[in-house]
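Please look over the sequence and the structure shown here before reading on.

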Amino acid sequence: MLRRSRLIGALVAVFAFLLGAPAPASALAPDDRCAVRAPGASAAAERAVAAACEQVAAGVWYTWGGGHGPKPGPTYGQVDPTDPASEHDPERLGFDCSGLVRHAYAEATGSDILNSPASGQYYTHRAAERFTAAQGLAPLVPGDLLVWGKSWDLHHIAIYLGEGKMVEARQSGTKLMVSDVRLGGDYYGAVRVDTGPVTGHVFRTWGSGVWTKAEPSTRAARVYAFPGPTTIRVQCQKHAEKVTSDGYTNDAWSYLPDYKAWMTNIYIQGPAWLNGVPTCTF
């Protein structure tokens with residue numbers, strides 16, 4: 001069907017040329033063009049799309065771990081022990097999925113605001129709005145970030161272009177590309193990035209592998225583990241289960257709205273009861 005539609009489009013362009021009339025844009029524009037393809041995006045989001053598309057036009061490679069150097073930008077990758085196709089990644093200058101997103105928004109804003117893996121980029125404290133898989137593509141605008149995986153392991157991220165298309169660094173052995181959005185499988189949802197000033201009560205965690213919880217209890221379901229020190233937004237705090245860990249004991253827990261989860265205050269930098277943060281009423 002796609003091949004047939006392209007053939008028809010080509011014939012329309014030929015007849016238009018012979019008749020001296022301009023061909024319709026739909027007949028001339030390739031279906032995989034990398035560009036802002038729908039209205040509604042902020043100027044910063046449009047700049048992020050443009051920055052990612054520049055890398056596509058340049059023929060940049062996917063490379064595992066690429067784009068996570070001291071500064072945003074392409075880097076040589078690493079061998080992924082789970083993917084034989086990555087054997088040449090250390091020789092290729094490029095991006096992995098989150099490295100491309102990091103670069104695009106750094107170019108768009110002039111600041112390294114998404115310096116983290118895919119999970120951290122989705123859970124960013126700069127989120128303007130989040131969308132579930134059930135909402136589909138209807139509420140999305142170009143520049144929104146789509147993610148795949150589970151709440152505690154979001155393994156892939158891409159930038160929405162509009163018209164059901166996205167730009168992504170997909171996998172070893174391929175170059176950066178424009179793809180159809182894959183809504184099936186483990187598609188998790190999307191996030192819209194707020195590039196303006198950060199609002200709310202902002203703190204930073206310490207430690208690594210520290211889990212957030214569905215409730216303020218060590219027995220509650222796990223939501224997400226911070227791989228290392230991370231900037232977080234705290235909505236409120238409350239006294240709940242007493243926790244002893246790493247030489248500290250505390251019964252204070254903070255609610256993190258970006259994760260819809262709780263975290264013991266032991267692992268939040270600051271006093272045991274955070275200054276200026278209200279008590280939760282729920």
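A residue is called buried when its relative accessible area is under 20%, exposed when it is over 50%, and partly exposed in between, with a 1.4 Å probe and protein chains only. By this rule Cys97 is buried, because its relative accessible area is 9%.

This is a predicted model, in which local features need a pLDDT of at least 70 and side-chain atom pairs count only at pLDDT 80 or more, while totals for chains, interfaces and linings use all residues. Residues are numbered from 1 along each chain as its sequence is written, and side-chain values use heavy atoms, with hydrogens and water left out.

**Confidence**

The pLDDT, which is the predictor's confidence in each residue on a scale from 0 to 100, averages 91 over the protein chain, and 89% of the residues score at least 70. Over residues 1-29, however, the pLDDT is below 50, and this stretch has twelve contacts in the model beyond near neighbours in sequence, a contact being heavy atoms within 4.5 Å. Where pLDDT is low, the predicted coordinates should not be read in detail.

**Helix H3**

Helices (H or I, at least four residues) and strands (E, at least two) are DSSP runs, numbered from the N terminus. Buried residues in H3 include Ala44, Ala48, Val49, Ala52 and Cys53. The buried residues of this helix pack against strand E3 (93-95), helix H4 (97-109), strand E6 (153-162) and strand E7 (165-168). Just after H3, Gly59 takes a positive phi of about 70 degrees.

**Disulfides**

The structure holds two disulfides, each being a pair of cysteine sulfur atoms within 2.5 Å. With bonded cysteines counted along the chain, they follow the pattern 1-2, 3-4.

| Disulfide | S to S distance | Torsion about the S-S bond |
|---|---|---|
| Cys34 to Cys53 | 2.1 Å | -80 degrees, left-handed |
| Cys236 to Cys280 | 2.0 Å | about 100 degrees, right-handed |

Cys34 lies in the loop between helix H2 (25-28) and H3, and Cys53 lies in helix H3, 19 residues apart, so that the pair links distant parts of the chain. Cys34 counts as partly exposed because its relative accessibility is 22%, whereas Cys53 is buried, with a relative accessible area of 9%.

In the pair of Cys236 and Cys280, Cys236 counts as buried at 4% relative accessibility, and Cys280 counts as buried at 9%.
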